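Hello,

Here is the structure for you to look through. My notes follow below it.

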Amino acid sequence: MDYRGKAVLITGGASGIGAAAARLFAAAGASVAIADRNGEAASALAQELPGAIACTVDVMNPDDCLAMVDAVRKAFGRLDCAFNNAGITEVAPLKGAPLPETHELPLDIWRQVLGVDLDGVFHCLRAELPLLLESGGGAIVNTTSLQAHISYPRTAAYTAAKHGVLGLTKTIAKEYGGRAIRCNAVSPGVVDTPLTNQVIHQPEYKDMLLAPIPIGRFAQPEDVAKAVVWLCSEDAAYINGAVLAADGGYLA
Ligand SMILES: NC(=O)c1ccc[n+]([C@@H]2O[C@H](COP(=O)([O-])OP(=O)(O)OC[C@H]3O[C@@H](n4cnc5c(N)ncnc54)[C@H](O)[C@@H]3O)[C@@H](O)[C@H]2O)c1
């Protein structure tokens, strides 16, 4: 695919799925902005990719998201594709404590997960849409999850946030589709990234997690990133408001 002359913004771009997408977009000729809370990792990746920039951003903070899009405007003068992908689960803020039942979920964990995974996508969208409109349109992809469709016990915050992102995606598709902005979601299955790799390879989880995946392996970040690059491309010009599962058949 040819992304020469296109500017692409990726949140959570320093690791996992976002980093794989940054590499693929850059290889296709795009100017890529790698936005991440981990500014050091974002800068290290930006140095590897010709023409890329790094932005340190906490998507929970609406002002950070406005500053991130300002940096894109200054560097590239336009925005063609936004991949709103930064995300966390309950696992990291619980710092190794077992996942509690929903009635015992600490409020601060609920707020943190919703703050990054749902508010964060909204903060990014409200910052990106004006520049996408100014640029004559473009494509947005939001990262959801299996958990935008199904749930597991003790994952109330993540499941609620990802269901919310799906709703947000559909609203943007309806509201801005007539102004040449397409908005879709990608729904990864179980992907081998730093978000999951401390859990999915443990013997007590591995077989259980693999069992519902007809393809018989966990996804690599590139499996999902390729779907994102396609959704943003002209080849997907009539795809709007859709959710593309990159889950090896899990949801089937
Ligand atoms: N790995 C999986 O199995 C899986 C499955 C379904 C959905 N997802 C989703 O895919 C997306 C990417 O996850 P990944 O697996 O690549 O994880 P990852 O941990 O490798 O990457 C996530 C990136 O987001 C950044 N980030 C976290 N909070 C942030 C914040 N507040 N502001 C800015 N950046 C922030 C992190 O620093 C990290 O670089 C997430 O939205 C996640 O929910 C992952």
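**Helix α4 and what it joins**

Helix α4 (residues 107–134) holds 28 residues and spans 39 Å from first C-alpha to last, close to the 40 Å expected at 1.5 Å a residue. That expected span is 1.5 Å times one less than the number of residues. Helices here are DSSP runs of H or I with at least four residues, and strands are E runs of at least two, numbered from the N terminus.

This is a predicted model: local features need pLDDT of at least 70, side-chain atom pairs need 80 or more, and totals for chains, interfaces and linings use all residues. Residues are numbered from 1 along each chain as its sequence is written, and side-chain values use heavy atoms, without hydrogens and water.

α4 bends by about 40° at glycine 115. The bend is the angle between axes fitted to the seven residues ending there and the seven starting there. Just after α4, glycine 136 has a positive phi of about 90°.

Now the salt bridges (a Lys or Arg side-chain nitrogen within 4 Å of an Asp or Glu carboxyl oxygen). The count is five. In one of them, glutamate 134 pairs with arginine 73, with the closest N and O atoms 2.8 Å apart. Glutamate 134 is in α4 and arginine 73 in α3 (residues 62–76), so the pair ties together parts 61 residues apart in sequence.

Is glutamate 134 buried or exposed? It is exposed, at 55% relative accessible area. Buried means under 20%, exposed over 50%, and partly exposed in between (1.4 Å probe, protein chains only). Arginine 73 is partly exposed at 32%.

Best wishes
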